[in-house]
Every structure is written in C-alpha cells, then in structure tokens.
Amino acid sequence: MAEAHQAVAFQFTVTPDGVDFRLSREALKHIYLSGINSWKKRLIRIKNGILRGVYPGSPTSWLVVVMATVGSSYCNTDISMGLVTYIQRCLPAGCGPYWTPQTRALLSTAIFSTGVWMMGIFLFRQTLKFLLSYHGWMFEMHGQTSHFTKIWAICVRLLSSRRPMLYSFQTSLPKLPVPSVPATVQRYLESVRPLLDDKEYYRMEMLAKEFQHKTAPRLQKYLVLKSWWATNYVSDWWEEYIYLRGRTPLMVNSNYYVMDFVLTKNTEVQAARLGNIVHAMIMYRRKLDREDIKPVMALGIVPMCSYQMERMFNTTRIPGKDTDILQHLTDSRHVAVYHKGRYFKVWLYEGSRLLKPRDLEMQFQRVLDDPSPPQPGEERLAALTAGGRVEWAKARQAFFSSGKNKAALDAIERAAFFVALDEESHHYDPDDEASLSLYGKALLHGNCYNRWFDKSFTLIAFKNGQLGLNTEHAWADAPIIGHLWEFVLGTETFHLGYTETGHCLGRPRPELAPPQRLQWDIPEPPPRRDPGVLLGVLLVVLGPQLTLPMSRQCQAVIESSYQVAKALADDVELYCFQFLPFGKGLIKKCRTSPDAFVQIALQLAHFRDRGKFCLTYEASMTRMFREGRTETVRSCTSESTAFVQAMVERSHMKEDLQDLFRKASKKHQNMYRLAMTGAGIDRHLFCLYVVSKYLGVSSPFLAEVLSEPWRLSTSQIAQFQIRMFDPDQYPKHLGAGGGFGPVADDGYGVSYMIAGENTIFFHVSSKFSSSETNAQRFGNHIRQALLDIADLFQVSKADG
C-alpha cells in the first residue's frame with residue numbers, strides 16, 4: 001500500500017529541544033520507487049511522443065542523412081546547393097575557444113540535414129495520407145484486384161513498413177469527408193422507399209427536396225467549415241449529444257456486455273481467475289501507455305484509428321444535471337471491488353512493481369473471506385449509477401461531495417476499473433439453452449446494484465470462475481473493448497496458466513497489506529410506513545424548498561433509483577443462442593459476405609415475425625478516418641425486401657430467388673462500403689440537425705428523420721483482432737460475443753458473432769412490456785431464415 005506508506009513516512013513530535021523527526025525507511029523506499037516509476041512513465045511518454053512525431057522517420061534515418069551530407073562535403077560535392085554555406089554565415093562568430101570554423105561547419109551541416117530529414121518526413125506523411133484517402137480497393141470484387149490497387153498497396157506498404165507504435169499513423173489518417181447534400185438526400189429517400197406507400201413517399205420526397213434546396217445549403221456551409229477546423233466533424237457531437245446528454249439510465253439503454261470463453265474453462269476458482277485476468281489487464285494497460293500495441297490494420301496494410309483506446313482505463317462517466325462528463329486519469333494504482341454489498345480498494349502495485357497473479361489472487365480471496373456486513377445504505381449504493389442521470393447527479397452533489405462519502409466515491413471513480421465478485425454461478429451449458437440467456441442477463445444488468453455502470457468497464461467474476469464485462473459506451477465502441485478482451489483471455493490461457501488445483505502459479509506473500517474497506521456515511525433508511533422515501537426524492541428534485549432529515553434523503557434516492565433500474569431490468573427479455581448448422585465457411589459457398597447473409601436473414605425473420613418491414617440499424621465503423629467511430633448501414637433495402645417477399649410468397653423458382661438474394665447481398669455490401677468510406681447517411685443528417693439547432697433553423701425534414709424509431713437495431717461483433725492463438729488449432733477457445741438492450745420499446749436488439757467456420761452466436765433482446773415483440777420467437781425465426789436461405793444454395797454441413 002504505497003499511498004498508506006507515504007501518509008506516514010514522516011512522523012514528528014515537538015519537544016523542548018526542538019522538532020524530533022522520525023523517518024520510516026520502508027515508507028521512504030516505497031516513495032522512492034513510486035517516484036522512479038512516475039519518472040520512467042514520463043520519459044517513456046516523451047520518447048514515444050518524439051518517435052511518433054517523426055514516423056515514418058527514425059533517429060537512425062536522421063543519422064543517415066547527416067552522414068550522407070558530411071560525406072558529400074568530403075567528396076567536394078555540395079548536395080545542399082550552397083545552403084550549408086549560407087547557414088554557416090548566419091551562425092554567430094566568436095562564441096568561445098571551441099567555436100572553430102570546423103565546429104560551425106559541422107553544426108550548419110547538422111541543421112541542414114535535420115531540415116531535409118523533417119521535410120522528407122512531412123512529404124512521406126502527406127503522401128501516406130493521400131494514399132490512405134483512396135478507398136477504391138473496398139469496391140473491387142474478391143480476387144479481381146486492379147493493377148492500380150496493387151500499385152497503391154505496394155506504395156502504402158513501403159511508406160509504413162517500419163514497425164509502427166499504436167498512434168504512429170494518427171496524423172497520417174485522412175479526415176472524414178462531408179458528403180454532398182444531394183447525395184445524402186438521395187440515399188435517404190432510397191432507404192425509406194420500401195417502408196413507405198406511394199402517398200407517404202411522395203410527402204417525404206417533397207420535404208426532402210424543400211430541405212435540399214432551401215435549408216441545407218446554409219447548414220452545409222457551417223458543417224464544411226467545421227470539417228476544415230476540427231479533426232473529425234462528427235465524433236465530438238456524437239459523443240456529447242448521443243451519449244453524454246442522454247438522461248435515461250445507462251443500464252440496458254446504453255451499456256453493453258461481453259462474454260467469456262464459453263466452451264472451455266481454465267479454473268473454477270473465482271479469486272484465481274481474477275488474479276490472472278486483472279494481471280493481464282494491467283499488462284495490457286502498460287503496453288497501451290508505452291504504445292507497444294500494433295495498430296489494427298485492414299487487409300494488413302490500412303491502419304485503423306486508435307484514439308478511442310486512450311480512455312480504456314482510469315475512466316469514469318461523471319453524472320451532471322444537463323450533461324455528463326468523461327473523467328480520465330493518466331494513471332491509477334488500484335481497482336474498486338464489490339462483494340456482498342461491501343466496497344473495497346485493492347492495490348495493484350507494491351511500490352513500483354505490479355503484483356504477481358498469485359498475490360492478486362490472495363487479495364481477492366481476502367475480499368471473499370471478509371466476514372464484515374455491509375454498512376447502512378452501502379449494499380444498494382450502485383443503484384444510483386443504474387437509475388436516471390439527473391437524480392444521480394443531484395444525489396452526488398448533495399450526499400457525496402464531502403467527508404467519508406467523497407473519499408470512498410473518489411476511490412471508485414479513480415480506480416483503473418471496477419470488479420464485481422458475484423455470489424451466483426453462470427456458464428453456458430450446450431444442453432441447457434436457457435443457460436446462455438441467463439448468463440447474458442446477469443452481465444447486462446445483474447441485480448441492478450452490483451455493477452458500477454459509470455466505469456469504463458466492470459469486470460464481473462461469477463462464483464464458478466466464469467467472467468464477463470459490462471461496458472459503458474460513451475468512451476469507445478465495442479471493437480475497442482474486444483481488442484482488450486482478446487489479449488486478456490489469450491494471455492491468461494497461453495502465457496500465465498494455472499496449477500493443477502486451479503490456482504495461479506507462484507507463491508503468495510501474506511505480508512502484503514490487505515484490501516482497504518471503503519467507508520460510507522449513509523444512515524439507516526426510514527420505516528416503510530413513513531412517507532420519507534417519497535419526500536426524500538422530492539427534496540433532491542425540488543431542492544431547498546423542502547426539508548427532511550439527512551438520514552432519510554440519501555436512502556430515499558438510492559431506493560428510488562433501484563426501483564427505476566429494477567423495473568427496467570425486469571422488462572428486458574434476452575434470448576441468446578448458438579446456431580450450429582453452419583458458420584462462415586459454408587456461407588461463403590453462397591458467394592456472399594457472411595455479414596450480408598445474416599442481415600438478409602434478419603430481414604426475412606423480422607417480416608415473418610411482425611408481418612412488415614422496419615427501419616433497420618446496422619453499425620459499421622469509420623476508423624479508417626482520424627477519430628472515426630461509427631456509421632449506420634440501413635439494411636432494409638428495396639432489394640432485400642424484394643427477396644423477402646418472394647421467399648414468403650413461395651411462388652418463385654429457386655434460380656429466381658438466388659438471383660434476388662445476390663442482388664440484395666450486393667446492395668448490402670455496397671452500402672456497408674459506402675458507410676465505411678464516409679459516404680453514409682445518418683451521421684451527416686445528424687450533424688446537419690445539430691447545426692440547425694445552433695442556428696435556430698427549423699427543418700420539418702430533419703425533425704422527422706431524427707425521430708424515426710430503429711425497431712431493428714443490429715451489430716456484428718469483431719473477433720480475432722489479435723492473433724493470440726490459432727482458432728483452428730484451439731476450436732474450443734471461443735467467445736460468445738456480447739449484446740445490448742433493445743433501442744425501441746417495441747423493437748429488437750440483435751447482436752451476432754460469426755464465430756469461426758462452423759457456428760454463429762446470437763443475442764436477441766426485446767421488452768416484455770411490448771405485446772408485439774418476443775425475443776425467443778424472433779430468435780427461432782432467425783434460425784429458420786438462415787436455414788431457408790442456405791437451402792436455396794443447397795448448402796449443408798455435409799458440403800463442407
């Protein structure tokens with residue numbers, strides 16, 4: 001406990017003879033080691049900043065340029081064309097005995113060489129940015145690469161061949177372009193055509209044309225101006241208005257979950273599993289701080305933006321009355337832990353040394369073995385993070401801004417991440433289909449007060465050693481946390497390991513100080529018959545107009561938030577299942593992309609489920625651009641609806657159905673590529689809407705577009721971003737992906753992971769309160785739709 005040692009390092013007493021200092025050598029040792037560690041991190045950041053700043057150049061390349069310039073002067077060849085001589089004349093003379101003509105000549109050569117080197121780096125970067133602005137390769141058919149694209153790929157490889165650090169390509173990534181208004185409007189009208197009858201479509205077309213010719217030109221000018229000035233014209237507004245200004249609960253509505261390996265198990269010892277996983281996470285954070293992580297590369301050559309990874313650790317979403325803020329610290333040396341209604345602070349370091357997995361296992365076991373009961377009001381405290389944001393912001397200001405409560409809350413909010421030690425056991429049993437859904441529900445919301453939903457992520461450990469994550473969405477998108485999770489699970493399994501009894505390797509050190517119990521001052525709640533609960537909530541909402549003893553106010557708000565969260569959690573129906581008949585390998589026999597195959601199947605399933613089509617959201621990434629996040633692919637197209645209707649009618653020949661499917665697939669793939677290359681619809685319209693609000697301009701077209709509900713919200717889960725192991729060699733080391741709650745009250749949320757060659761995992765969510773939706777019913781329709789489409793192409797497992 002380095003901080004505890006620092007607190008008592010210097011002890012002194014006042015005596016008649018003066019001040020008597022008593023120094024703790026052990027404490028001073030820890031202070032010294034912590035200081036050394038801090039300075040090491042600063043030096044690493046400075047070094048990385050320099051190396052990143054000169055990429056694709058390097059100190060070695062600078063030395064080569066200097067040596068070439070000096071060598072040319074000895075050969076009586078002036079490659080500087082007189083610039084070295086000019087620089088030498090500009091240098092001051094008579095600056096000391098060592099300021100000789102030879103010294104001046106050498107310095108002028110170094111200055112000239114540095115200038116040439118920096119100019120070369122600038123040209124290389126601009127050339128790389130220009131090359132990365134080319135996206136024609138995405139629209140070429142597989143196996144039909146043009147000569148131009150081949151030359152382009154060679155040039156990109158040459159300019160990025162030196163081993164890059166995590167952020168080396170950031171300044172070389174192009175900016176997200178602003179699409180033209182006519183193109184966006186045309187694509188929008190095309191996307192809603194299958195959802196509207198002729199009369200409705202004509203009305204929308206008139207609104208769109210009026211917007212395009214009257215309102216949009218002025219809004220577009222401001223947006224183009226922002227794109228010149230800002231790094232990304234979408235991301236800051238998207239983060240603020242879509243996430244941070246949302247006032248509804250984060251739980252279910254925003255946060256999502258990620259599952260563990262589900263077909264294999266390393267150990268059933270809860271504390272041991274945490275010891276290895278937490279150690280691996282901090283190893284990842286160390287790599288992140290040192291930028292010692294290779295950027296994700298499309299096709300192995302096109303870098304993806306990495307800026308979202310900066311806030312993975314030490315980040316908390318702080319509630320506000322109007323908008324939240326993301327608090328990110330440069331470092332944190334502890335994690336906050338919840339178990340049986342108690343909160344603990346567990347140190348990750350001893351001095352400057354990261355604790356070994358066996359030591360971390362011991363610390364987590366100490367938490368599990370702690371017999372102390374929760375303090376009054378402590379058990380359900382985290383329900384505040386699961387309820388409404390305004391109520392949490394007011395309660396935070398009223399009850400957690402000073403004293404014990406502020407100190408304890410700071411320990412949680414300043415932690416690297418949050419750890420929940422659950423008393424329940426969950427896992428996936430292939431013979432019990434409901435087990436996967438129960439596992440997902442536990443990760444999505446738990447019991448509404450055993451997750452800290454404001455943290456960047458909560459690591460959840462069940463009693464049987466199964467793990468999972470609950471992740472806040474504002475700071476980053478799912479592929480970012482997926483990158484961490486792949487590294488952690490791969491490191492745990494293939495590098496750290498366990499003993500035969502399921503414990504971490506090594507020996508624990510009992511002399512380590514135990515975890516620190518967090519202290520709260522939340523008095524007992526009022527009796528049930530007392531109206532104090534309601535009045536307490538009113539006090540927080542209405543402010544000082546009402547008066548009520550403090551003993552009742554805080555508990556009232558916690559209870560109110562819990563009831564809101566519980567009602568929300570109880571309303572969520574989650575149906576998770578593993579689709580086993582086939583996977584990615586056999587889908588490719590249909591000569592289509594696996595994602596297009598699944599998306600068209602979802603359209604068929606939805607029509608069979610609801611008897612109609614709906615506006616469909618599929619998330620795609622825009623990380624080929626600097627600070628890019630996501631764009632929407634509107635998967636319900638005229639082509640996909642034509643195929644679905646033909647399938648439902650059952651009157652078409654198989655060849656005709658195949659042709660309709662291929663047209664729908666081709667359309668979907670083209671829309672996905674347009675979204676990834678900055679030519680999407682929804683982010684452009686969203687930003688135009690924000691500008692209109694700033695200018696006070698009313699647009700019926702934008703108001704209607706932004707109010708349309710996404711009754712089918714879908715997302716594919718990224719996998720194998722890091723090749724930690726060969727999935728063909730270890731087919732059981734398979735995660736089930738993750739999921740999220742429904743976006744619309746009468747809609748579905750569908751997350752899927754095409755897990756290798758032979759299986760697909762689905763996570764389907766809906767609300768019990770809607771009489772029109774049923775997650776399990778829709779899941780069964782998805783199963784049948786996949787089989788029916790595969791049958792069109794006579795694809796079966798035997799064909800593999």
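At what angle do the axes of helix 9 and helix 23 cross, and within what distance do they come? In this predicted model, the axis of helix 9 (residues 235-244) comes within 11 Å of the axis of helix 23 (residues 682-695), and the two cross at roughly 75°. An angle from 65 to 115 degrees counts as roughly perpendicular, so helix 9 is roughly perpendicular to helix 23.

Who does the touching? On the helix 9 side, the contact is made by Trp237, Trp238, Tyr241 and Ile242. Helix 23 brings Arg683, Phe686, Cys687, Val690, Val691 and Tyr694. Sorted by class, that contact has nine nonpolar residues, one charged residue and no polar ones.

**The chain as a whole**

Stepping back, the chain has 25 helices and 22 strands. Of its 800 residues, 54% are buried. Take the contacts between residues at least 6 apart in sequence, and 78% of them join residues at least 24 apart.

**The cores**

As a general rule, nonpolar side chains tend to be buried together in soluble globular proteins. Here, the largest nonpolar core has 90 residues. Met281, Met312, Phe417, Leu459 and Phe701 have the most contacts inside it. Helix 10 (residues 270-289) gives the most to this core, with nine residues.

Phe417 is a handy place to start looking around. Setting aside neighbours within four places in sequence, Phe417 is in contact with Val278, Met281, Ile282, Phe313, Val335, Ala336, Lys455, Phe457 and Leu459.

Under 20% relative accessible area, a residue counts as buried, and over 50% as exposed, with partly exposed in between.

| Residue | Relative accessible area | Class |
|---|---|---|
| Cys305 | 1% | buried |
| Cys590 | 1% | buried |
| Phe720 | 27% | partly exposed |

Where does Phe720 lie? Phe720 is in the loop between strand 19 (712-716) and strand 20 (738-739). With a relative accessibility of 27%, Phe720 falls between the 20% and 50% cut-offs, so it counts as partly exposed. Not counting residues up to four places away in sequence, Phe720 touches Glu486, Phe725 and Pro727. Glu486 is 234 residues away from Phe720 along the chain, yet their C-alpha atoms are separated by 7.2 Å.

Terms used:
Residues numbered from 1 in each chain as written. Predicted model: local features only at pLDDT ≥ 70, side-chain atom pairs only at ≥ 80, totals over all residues. Heavy atoms only, no water. Axes fitted to C-alpha atoms, helices over the stretch in contact; angles between N-to-C directions. Helix = DSSP H or I, 4+ residues; strand = E, 2+ residues; numbered from the N terminus. Parallel < 35°, antiparallel > 145°, perpendicular 65-115°, else oblique. Contact = heavy atoms within 4.5 Å. Nonpolar A, V, L, I, M, F, W, Y, C, P; charged D, E, K, R; others polar. Buried < 20%, exposed > 50% of the residue type's maximum accessible area, 1.4 Å probe, protein only. Core = buried A, V, L, I, M, F, W, Y, C linked by side-chain atoms within 4.5 Å.
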